[in-house]
Amino acid sequence: HYFIQSNLRKNMVLPLSLIQTAVDHPMLIELKNGETYNGNLVKCDTWMNIYLRDVICTSKDGDQFWKIPECFIRGNTIKYMRIPDEVIDLVKDEPVRRHPNYRSSRGRGGARVGNRPQPGQPKKQRGGGSGRGGASRGGGGGGAQSGGQKNKKQENS
């Protein structure tokens, strides 16, 4: 079991690196609406938006074809992509990159790493200390000592 997992980790390829390796190679893309696009990959960005050249578009039912010099396909409309086997052989094994502040979620308190102040920095204070919204929020500042209802009653008597 351990051998299989370690072998899989060595051969793990991230989807974007696979697609970016496929630049200048032919590929087939099927959209969620059923249309297919065959063309040469020109560019792919981090949202998996695809830019193809020399494209043949096929309708959903397969009875209409269009030859398009170039097209842009939004990433969230893609259902699947077919990439040639030779691209898979070309792709480099890339280690998974993690954020510099990343810590394993094992143990206690590992989930809120991004909210913690860096060592040597003062903690950020929340609010203005007046409680219940302060005078600018229409509440008069809150408690009896900060201009609340009790003080106004004393002024009237």
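**Entry 1: R53 and E70**

I started at E70, which is partly exposed, with a relative accessible area of 41%. The model I am reading is predicted. I then looked for the charged partner of E70 and found R53, the two forming a salt bridge whose closest N and O atoms are 3.8 Å apart. R53 sits in strand β3 and E70 in strand β4, so the pair links distant parts of the chain, 17 residues apart. I looked up R53 as well: its relative accessibility is 39%, and it counts as partly exposed.

**Entry 2: E30 and K79**

I checked how many salt bridges the structure holds and noted two. Besides R53 with E70, I listed E30 with K79, whose side chains meet at 3.6 Å, N to O. E30 belongs to strand β1 (residues 26–31) and K79 to strand β5 (residues 78–82), so this pair ties together parts that are 49 residues apart in sequence. I compared burial next. E30 is at 14% relative accessibility and therefore counts as buried, the cut-off being under 20%. K79 has a relative accessible area of 53% and is exposed, because exposed means over 50%.

**Entry 3: S59**

I moved to the loop between β3 (50–58) and β4 (65–73), where S59 is found. Is S59 buried or exposed? I noted 9% relative accessibility, so S59 counts as buried. Its side chain joins that of D63 through a polar contact of 3.3 Å. Leaving out residues up to four places away in sequence, I recorded that S59 touches G34, E35, Q64 and W66.

Note on methods: Residues are numbered from 1 along each chain as its sequence is written. This is a predicted model: local features need pLDDT of at least 70, side-chain atom pairs count only at pLDDT 80 or more; totals for chains, interfaces and linings use all residues. Side-chain values use heavy atoms; hydrogens and water are left out. Helices (H or I, at least four residues) and strands (E, at least two) are DSSP runs, numbered from the N terminus. Buried means under 20% relative accessible area, exposed over 50%, partly exposed in between (1.4 Å probe, protein chains only). A polar contact is a pair of N or O atoms within 3.5 Å; within protein, one must be able to donate a hydrogen and the other to accept it, and residues adjacent in sequence count only if both atoms are side-chain atoms. Contact means heavy atoms within 4.5 Å. A salt bridge is a side-chain nitrogen of Lys or Arg within 4 Å of a carboxyl oxygen of Asp or Glu.
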